[in-house]
Amino acid sequence: MTTSLHYAARASCDVDEHATHISAWHQEYDQLSRGCFTGMVRELWIDAPRLQVFHEHTGQRTSQHCLPWRGAVWFGIPDGQNGEPLHFSGRLQPVDRERIVMAARADDGFALCTPQNFGIYGVVVDEAWLCTELDRLGLRPFLPPAGGSGASLRAASLSPHLHVALCQTIESMLSLGASGEAMQGWGRRTLGYLTDQLLRLLAGTAPDAGFSAQRQSSQRRLASVLTARSLVAHPLNHTLSVEDLCMQLHLTPRTLQNHFRSVVGESPAEFLRAVRLNACRRRLRASARGTTVQDVAAQWGFFHMGRFSHEYKAMFDELPSQTLRLARAAH
C-alpha cells in the first residue's frame, strides 16, 4: 500500500512553536487563557502528501487560523474529552453536540476557537487521491462543496458509536506509526485496512442542514473578527480603539460585540488585548540583541511596564524579561 511513512510526536510549551508542529501547515495561534501553555501533536504521514492523520492537544484556550497543505481536504473530530464550547469558522458548536466532524477544503483554510484542555483528531487527505479511493471502495463522495467565502466548510453530528469508531481508527493508525510496526509487512497491510475503514466511516457522515443555512452569516462574523485581529496585531496600531474598529468595519458597537461573542466567546476588548500580548511575545521570542522589553511593549501600546509585566506573566506564566533572555540564549 505505502512507499513511505513518517511518524512524529512533538511537545511544546509555547503556542507559536506548537502551531508549527503539524507538518506542512501554515497556522497562526493566539493563546487566550492565562497560564503556562502545553501542547502535543502526534502525527503520521502516509505516502506524503497523500494522507496525514494526527491528534493535537492544547492546554490553554486558543484562537487558531489554519491553512493545511495545498490540494488537501481536512476533517477534524474533537476527541470528546472536553465538553466546553468550540467555535468553528465563526459558528459556536452547541455544547450538547460534543461529537462532531468538521471539514474544509485546505486551499480556503478555516478557523477554530478552542477551549482549555482540548484534543482533536485530524485527517488531511489529497483530494485527487481521495476521489480515486472513494471510487475504488464504491463510496459516495463526502467532500465539502467547492467555492470560497466559507462555501467549502461543513459540520456534521456523529452518533456515539461512529464517533468512537473514528477516534479509535485514527488512534490505531498513530499507534502503528509510534511503534514502528507500520514499516513491517503485516503492519502495512493493517494500515491499509485501517485507511479503508477510516474512509468508510467518514463516508457515513452527513452535513448538518443548520450549519449550511447559517454558513454565510457565520463567515461575515468571522471576517470582521479576523480583520480586527489583523489590525491590532500589527505594531504601532495600539491607538485603535473599539470605536475606531467599528468605524473601519462599518459596524455598530453592539454588532461588533455580538460578532466577537459568537466567533471567539469573548468581548472585543478582551480578545484584542490577548492578541496584543501574543504579538509582544512573538516579537520578544524573535528579538536580536539590543531589543528591550520596553521597546516591544511600546509598539503594542503597553507603556506602563509594571502593569505590562503583570499582565504578561498572568497570561504566559513567565515575565517578558524571561522570554527575551531565553530567546537570546537560543539564538
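Cys-113 is buried, at a relative accessible area of 3%. Keep in mind that this is a predicted model. There are zero disulfides in the structure. What keeps Cys-280 from a bond with Cys-36? The distance does: Cys-36 holds the closest cysteine sulfur, and that is 19 Å off, too far for a bond.

Now the salt bridges. The structure has 15 of them. Take Arg-229 and Asp-30, with N and O 2.5 Å apart. Arg-229 sits in helix α5 and Asp-30 in strand β2, so this pair links parts of the chain 199 residues apart. Both residues are buried. They also belong to a network of salt bridges, together with Asp-16, Glu-28 and Arg-282.

Next, Arg-61 and Glu-266 form a salt bridge, with the closest N and O atoms 2.6 Å apart. Arg-61 is in the loop between β4 and β5, and Glu-266 is in the loop between α7 and α8, so the bridge ties together parts 205 residues apart in sequence. Glu-266 is buried, with a relative accessible area of 10%.

The last pair is Arg-136 and Asp-196, at 2.7 Å from N to O. This bridge connects helix α2, which holds Arg-136, to helix α4, which holds Asp-196, across 60 residues. Buried or exposed, where does Asp-196 fall? Asp-196 is buried at 16%, whereas Arg-136 is partly exposed at 48%.

Note on methods: Residues are numbered from 1 along each chain as its sequence is written. This is a predicted model: local features need pLDDT of at least 70, side-chain atom pairs count only at pLDDT 80 or more; totals for chains, interfaces and linings use all residues. Side-chain values use heavy atoms; hydrogens and water are left out. A disulfide is a pair of cysteine sulfur atoms within 2.5 Å. Buried means under 20% relative accessible area, exposed over 50%, partly exposed in between (1.4 Å probe, protein chains only). A salt bridge is a side-chain nitrogen of Lys or Arg within 4 Å of a carboxyl oxygen of Asp or Glu. Helices (H or I, at least four residues) and strands (E, at least two) are DSSP runs, numbered from the N terminus.
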